[in-house]
Amino acid sequence: MTMNPMDLLSAVQARWRTALLLGGALFLVVAIFAFLQPRQYAATSSLLMDLSQTDPTDSNAQQGARVDVDSILGTQTDVIRSAKVINAVAKEAGFVDALPKDISPAARLQQAADRVRAGLTVTTGRQSNVLQLQYMDADPAIAAKVANLTAQIYMREQVELRASPARGSAKWFDEQTKEVRHRYEMAQKRLSDFQRAHDIIGINRMDLEAEKLKNMSYQLTQAQAEAAAARSKAGAGSVSDIEGSLIVQNLQEQVATQSARVSELSKTLGPNHPTMAAASAQLSELQSKLASARGSQAGAVSANSRAATRREGDLRSNMAGQEDRMIRMSNVQDQLMIMQRDVDAARQTFDTVRQRFNEATLKSQISQPNASLLDKASVPLLPAKPNLMLWLVAGAALGLIGGITTVVMAEILRPRVRSAAGVARATEVDVITELKPIPARNGWLFKQQEAA
C-alpha cells in the first residue's frame, strides 16, 4: 500500500510523542558530547603595517616605487612564525619553565616553541594591511597573553632585524675608512711632491701655458705691425710724419709769420736798421729751432722703429722659449694628469665609503618598527572550540530529522488507516461522505465530512 504526504503528516501528528522523545534523546547526546569536548579559547591581536614607511637613507625608495603588498605581508608573516620570534614568545610566556627539568634546555625550548607554533595563526584580510595574530589555548588568559606577547616581540625583533645588519655594515665601513683615507692622503702627497719638484702650480698647467703662448702670439702680431709701421715712418714716408708733428707745425707757423714780417720791414727799412736786424735775428733763431725740431722728430721716428724691431725680436724669442717649454712640459703634464686622476679616484672612493658609513649608522639607530598595535587581545569569555551554539543547532536539527525519520519508517513498516483516502486504498471501496451544512451570508455552504 502506498502512502501520500497527508498520511505521513497524520502519522507524525499521531506519534509526535515518539518523535519528540527520540529527537530529544539525540539532541541530548549531541549536547553532552559537545560539552565533554576540551575547551579551546582563541584570543586575537592585530597589527597595522605601515607599508608607506620607507628607508630615509635610500634615495631610490623616494621615487614612488610600486609596493607589493602581498609580498611584504607574506614576509612579515614568515618573520612572525620564525624561530627568533616563536622562541622568544615561548620563553617570555613561561612555557619553557613549565616543562619538566629532567629534559635538556634545547628540547624544552623546542617543545615550548612547538606549542606556540601549533596554536598561533597569522592571517590578513584581502586588500588589507592588517595582520591578525590569533592564539588558541585551553586557558583563556594564556591565549590572550601569548597573542599580545607575539605582537610585542614581533615589533621588537623587527626593529632589531632592521638595525642589526646596519650596525655590522657601519662597523665594516668605519674600518674601511681608515685604509681609504690613507690611500687618498698618499695619492695627494705624491701629487704635491711632483708639483714642487717641477715648479708646477695647479693642475691645468698646460692650459695656462697654452693661453700664455696664445697671448704671446697676439702680442707678436701687434709688434710686427707696429714695427712695420715704424720702419715705414723711418723710411721714405718719414717727411710727412715729421711735418705733421705739432711742434714742427707751430715752428713753421712762427717762421712763416716772422718771414712775412721781415719781408714787410725790408720794404721800408734797410738791412742794417736795428728793427730789421732784430727781426732777421729772430727769424734765424726760429729757423734754427725748426731745423732742430725736425731733427728731433726724425730721431724719434728712427728710435721708435728700432724699439719696435727690438720688441718684435724679443717677442719672437719669448714665443720660441714658450714653445720649447711646452714641449718639455708635455711629458710632465701627462704624469701630472695621471696623478691627479689617482687623487680624484681616491677621493671619490673615500667620499663613497663615508656616505655609506653615514647611511649605515643612520639605519642602525632605527628604533621604531613599521607596524603598530591596532587591537590588543582580551581574555575570551566563550570557547572557540567547540562552537557550542553550532553544536546545539546541529543537535536540534539531528533530533528533529531523526524523530521524524523514525516515525515515518515505523509508519511504512506498520501502516495504519488514518483517513478516508487510506480506508479507500486499504479496502478498495469508495467511502461515503456526508455533507455538513454551514451557514453563510448568501445561503448555505456544504462541507464534505468523512464517514466513520
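Strand 3 is mostly covered, since six of its eight residues are buried. The model examined here is a predicted one.

**Exercise 1. Determine in what order the four strands are arranged in the open sheet, and identify the edge strands.**

Solution. Step one: the order of the four strands in the open sheet is 2-3-1-4, and the pairing is antiparallel. Step two: an edge strand pairs on one side only, and this applies to strand 2 (120–124) and strand 4. Step three: from one strand to the next, the twist averages 30°.

**Exercise 2. Describe how strand 3 (residues 130–137) pairs with strand 2 and with strand 1.**

Solution. Step one: on the strand 2 side, five bridges join strand 2 and strand 3 in the antiparallel sense. Within this pairing, L120 stands opposite Y135, and T121 has Q134 as its bridge partner. Step two: strand 2 and strand 3 form a hairpin with five residues between them. In the turn, Q127 has a positive phi of about 55°. Step three: on the strand 1 side, eight bridges join strand 1 to strand 3, and these strands also run antiparallel. Here A42 stands opposite M136 of strand 3. As background, strands of a sheet pair through backbone hydrogen bonds, either parallel or antiparallel.

**Exercise 3. Locate Q76, and decide whether this residue is buried or exposed.**

Solution. Step one: Q76 belongs to helix 3 (residues 69–80). Step two: helix 3 lies across strand 1 (41–49), strand 2 and strand 3, and runs at about 30° to strand 3. Step three: the relative accessible area of Q76 is 12%. Buried means under 20%, so Q76 is classed as buried. Step four: leaving aside residues up to four places away in sequence, Q76 touches M49, L131, Y154 and Q158.

**Exercise 4. Characterise how helix 4 (residues 83–92) crosses helix 7 (residues 140–197), and state which residues make the contact.**

Solution. Step one: the axes of helix 4 and helix 7 come within 9 Å and cross at roughly 135°. Step two: because of this angle, helix 4 is oblique to helix 7. Step three: the crossing is right-handed. Step four: helix 4 contributes K84, V85, A88, V89 and E92 to the contact. Helix 7 contributes K145, V146, L149, T150, I153, Y154, R156, E157 and L161. Step five: the residues of this contact divide into eight nonpolar, one polar and five charged. Y154 of helix 7 takes part in the contact with helix 4, and Y154 is also among the residues that Q76 touches.

Key: Residues numbered from 1 in each chain as written. Predicted model: local features only at pLDDT ≥ 70, side-chain atom pairs only at ≥ 80, totals over all residues. Heavy atoms only, no water. Axes fitted to C-alpha atoms, helices over the stretch in contact; angles between N-to-C directions. Helix = DSSP H or I, 4+ residues; strand = E, 2+ residues; numbered from the N terminus. Parallel < 35°, antiparallel > 145°, perpendicular 65-115°, else oblique. Left-handed = near helix turned anticlockwise from the far one by under 90°. Contact = heavy atoms within 4.5 Å. Nonpolar A, V, L, I, M, F, W, Y, C, P; charged D, E, K, R; others polar. Buried < 20%, exposed > 50% of the residue type's maximum accessible area, 1.4 Å probe, protein only. Pairing = 2+ DSSP bridges.
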